[in-house]
Amino acid sequence: MTTPDATPALLPADAERRLHPGSWLFVLLQNLRQFIVPLVVLLFAGGRRDDGYPWWLPMLGVGALVVVSIWQYLTFRYRIADDRLIVRSGLLERSVRQIPYSRIHNVAIHQSLLHRLIGVAEVRLESAGGTKPEAEMRVLRLPEALALEQLIRDRSSEPSTAAVDGAAPAAPAGTTLLALSTIEVVKLGLISNRGMIVVAGAVALSFQVLPERAMGRWLVEGGREAFGYASGFATTWLAKALVIAAFVAAALALIRAFSVVLALVRYHGFRLQRQGRRLTVERGLLSRSRSSVPRRRIQAWTLRESLLHRLFARRTLEIDTASARAGDGQGNANGQRGLDALAPIAPPDTCDAILRDIAVLPAWPPAEWRPLHPRAWLRLLLGDAVLTAVLCGVLAWFFQWWGALGLLWLPWAAFVARRHAARAGYSIDDALVAVREGWWSRHWRLAEIGKLQAVELHRSPLDRGFGMASVWLDTAGAGALAPPLRLRFLPLADAERIHARLAAAIARRPLRW
């Protein structure tokens, strides 16, 4: 995708425009995806033709979907005004949506393979905290979609000195902050575990769809055949174990290869650009997607670093935005919320440079991290110790003294707790609050104080016993998988002081979405 100039020829002002003439076809395909299962069941399981079953009834349903799709195309209009986008839809039940450009947080342009063949794109306009997009234009010609994105980007920006005399400011040239090569995307696939997630989902779906007896029989017979195959290559238990280990390694290698394929499909051609006050991410192999969000809409930042990340000397930089979280309505992976990963994979120095550039930070990482309570490692260890004791008690009930071998886990748990507490820390200044946690798998979480919505002082019974407390912070747009922004296991005096300081700062400052 390349961004053209938003010329009046592409988007004339104060003139209502229709969607692409083929828009009804894509609406029909979407409706068929939603109703294909009941239509197929009605066609093949509704009855026998010799019993007088009306086999044409499903075709009548398809015809109704065609009429609905054409109706939506004929009744949808949009108009470009000076400060807003006006969308009209419906005939019997009419709706008029007026969407100010300044309220649009994310402009998402999506192209499936069919979109790319025809030269069209789907545009979604998302605002803060919504459960669905403010407007969905399915579909526009690609130059028109890109011109609309540029127009929203230009008119949603604050007025500049160049526009004081009435002249429109020139569109800012894009600066590429990160571009991923194919090799980097392959590394991302090796680091991620998406292949295992998909396989686990397929197995769970199989248990739900297939009969329970059939699944049990398949697993038992498959296990017997695998052990029998291993016995054909080896006669001793050690040799059989090596053969089984080789099978497991091959299966894990296939899952990693699947993860690489998924990463290539999703992140091929990834490019992060800064265009004035907006960030634009473009990616995808078969389906191309383009998301654009103002920098001021970023609510929080997350840096992630797993063990595999460290082996490849890479990190991941993600953001939280207050955009709509609804899917794209197509049931595919592109239905994720707006713009989430600014750097799916990049060297640590590159992630830090991107963060400093976009967040306009004078320095990152902080020069000093404040430590946790001196006994924070004991507080972390206590949960593992209780769980280990319970499990060992259960195992000892069934296996006698062999169950006590589980207590050997406690030295490792104590080591991990000490390492975690030693690495954890926090940093607070007049503009930013940052937290780092983890040892085996690490993350850094930070947000501007002006983006905080609430602050809570939290003390559990165990915290009171250890003389410590935690400060929980809330921002808009946090994802379900994002780590919480919290300052855990601080000395009580420090926690109360930080709580009072942040509460006063939040009360003085207006919330900046």
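Trainee: At what angle do helix 11 and helix 12 pack?
Mentor: In this predicted model, helix 11 (residues 376-399) and helix 12 (residues 409-423) pack at an angle of about 150°, and their axes are 8 Å apart. Axes here are lines fitted to C-alpha atoms over the stretch in contact, with angles from 0 to 180 degrees between N-to-C directions, and helices are DSSP runs of H or I with at least four residues. Helix 11 is therefore roughly antiparallel to helix 12, a label for angles over 145 degrees.

Trainee: Which residues in helix 11 meet helix 12?
Mentor: Among them are Trp377, Leu380 and Asp384 in helix 11, which meets residues including Trp409, Ala413 and Arg418 in helix 12, where contact means heavy atoms within 4.5 Å.

Trainee: New topic: is Gln273 buried or exposed?
Mentor: Gln273 counts as buried because its relative accessibility is 18%, and buried means under 20% relative accessible area with a 1.4 Å probe, protein chains only.

Trainee: And which side chain does the side chain of Gln273 join in a polar contact?
Mentor: The side chain of Gln273 has a polar contact of 3.4 Å with that of Thr176; such a contact is a pair of N or O atoms within 3.5 Å, one able to donate a hydrogen and the other to accept it.

Trainee: What should I know about the numbering and cut-offs?
Mentor: Residues are numbered from 1 along each chain as its sequence is written, and side-chain values use heavy atoms, leaving out hydrogens and water. Local features need pLDDT of at least 70 and side-chain atom pairs count only at pLDDT 80 or more, whereas totals for chains, interfaces and linings use all residues.

Trainee: How much of the protein counts as buried?
Mentor: Of its 513 residues, 41% count as buried.

Definitions and conventions. Helix = DSSP H or I, 4+ residues; strand = E, 2+ residues; numbered from the N terminus. Parallel < 35°, antiparallel > 145°, perpendicular 65-115°, else oblique. Buried < 20%, exposed > 50% of the residue type's maximum accessible area, 1.4 Å probe, protein only.
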